[in-house]
Amino acid sequence: MLRGVRRKDIQYFLKWLDDPEISKPLDRYLPMSEIGEENWILEIERKKDVIVFTIVDKKTREPIGNCGFHKIDFKNQRAEVGILIGREYWGKGYGSEALELLISYGFAQLNLNSIASLVVSSNERSLRLHKKVGFKVQGRMRDSIFVDNEFHDMLYLDILRSAWQRRRATIKNKTLF
Ligand SMILES: CC(C)(COP(=O)(O)OP(=O)(O)OC[C@H]1O[C@@H](n2cnc3c(N)ncnc32)[C@H](O)[C@@H]1OP(=O)(O)O)[C@@H](O)C(=O)NCCC(=O)NCCS
């Protein structure tokens with residue numbers, strides 16, 4: 001399930017972002033602090049172009065990741081997505097389910113027309129995840145991210161509302177609040 005971010009989620013965010021396997025593909029390279037995370041949460045409350053959800057396990061209500069929109073542009077009906085799942089939960093389908101819920105929220109509630117995502121070309125898991133929920137690679141920004149002493153290409157993926165509408169018949173039994 002997706003729900004709003006709570007102060008107590010900060011401990012989870014810090015733990016996840018301390019994991020280089022998670023922070024590197026997100027281009028996070030500065031040390032994270034509790035105060036920094038608290039400020040970030042306060043900041044997103046004020047911003048009109050950012051929406052963040054905590055992803056929680058439906059049964060246990062335990063936070064397992066977060067996801068959201070940034071650069072929301074209501075005039076042109078577009079936004080970019082971001083997602084992370086705590087490492088212990090990888091490979092169980094949580095990422096796919098959460099991203100599916102997120103884009104459904106974007107199209108059905110925010111009235112977006114286009115949702116984009118930037119993915120490091122070497123991040124195969126994330127590419128697979130995006131393609132699974134209907135994103136398609138539209139462009140490549142060469143050498144645009146520097147990680148582990150080398151440049152990587154960044155791929156630009158997107159999904160249009162029309163493509164999502166064609167797929168939505170398959171979206172069942174998902175809870176969003
Ligand atoms: C990317 C991420 C959100 C995926 O979360 P997840 O819960 O593991 O996702 P899923 O379990 O739904 O798996 C997604 C797909 O990746 C595939 N996958 C798993 N391990 C893989 C690997 N080593 N290489 C390639 N694909 C892999 C899965 O098989 C699945 O595809 P399939 O269902 O068609 O088989 C998670 O790995 C993460 O948080 N990574 C770090 C942050 C990040 O990269 N965020 C995305 C930035 S754009």
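**Fold and ligand shell**

In this predicted model, 60% of the protein's contacts between residues at least 6 apart in sequence join residues at least 24 apart.

Q: What makes two residues count as a contact here?
A: Their heavy atoms lie within 4.5 Å. Ser96 touches Leu129, Lys132 and Val133 on that basis, leaving aside residues up to four places away in sequence.

Q: Why is Ser96 called buried?
A: The cut-off for buried is under 20% relative accessible area. Ser96 has 15% relative accessibility, so Ser96 counts as buried. This residue, Ser96, sits in helix H4.

Q: How do you know that the side chains of Ser96 and Lys132 make a polar contact?
A: A polar contact needs a pair of N or O atoms within 3.5 Å. The side chains of Ser96 and Lys132 are 3.3 Å apart at this contact, so the pair qualifies.

Q: Which polar side-chain atoms lie within the polar-contact distance of the ligand?
A: The limit is 3.5 Å. Ser96 places a polar side-chain atom 2.4 Å from a ligand oxygen atom. For Asn123, the distance to an oxygen atom of the ligand is 2.7 Å. Arg125 lies 3.2 Å from a nitrogen atom of the ligand, again through a polar side-chain atom. On its own the ligand has 960 Å² of accessible area, and the protein covers 80% of it.

Q: Why is the protein called as compact as a globular protein of its length?
A: First, the fold. The protein has six helices and seven strands, in the order β-α-α-α-β-β-β-α-β-α-β-β-α along the sequence. Its radius of gyration is 16 Å, close to the 16 Å that the globule rule gives for 177 residues, so the label holds. The C-alpha trace spans about 40 × 40 × 35 Å along the principal axes.

Terms used: Residues are numbered from 1 along each chain as its sequence is written. This is a predicted model: local features need pLDDT of at least 70, side-chain atom pairs count only at pLDDT 80 or more; totals for chains, interfaces and linings use all residues. Side-chain values use heavy atoms; hydrogens and water are left out. A polar contact is a pair of N or O atoms within 3.5 Å; within protein, one must be able to donate a hydrogen and the other to accept it, and residues adjacent in sequence count only if both atoms are side-chain atoms. Accessible areas come from the Shrake-Rupley method with a 1.4 Å probe; for residues, only the protein chains shown count as cover. Helices (H or I, at least four residues) and strands (E, at least two) are DSSP runs, numbered from the N terminus. The radius of gyration is taken over C-alpha atoms; the globule rule is 2.2 Å times the number of residues to the power 0.38. Buried means under 20% relative accessible area, exposed over 50%, partly exposed in between (1.4 Å probe, protein chains only).
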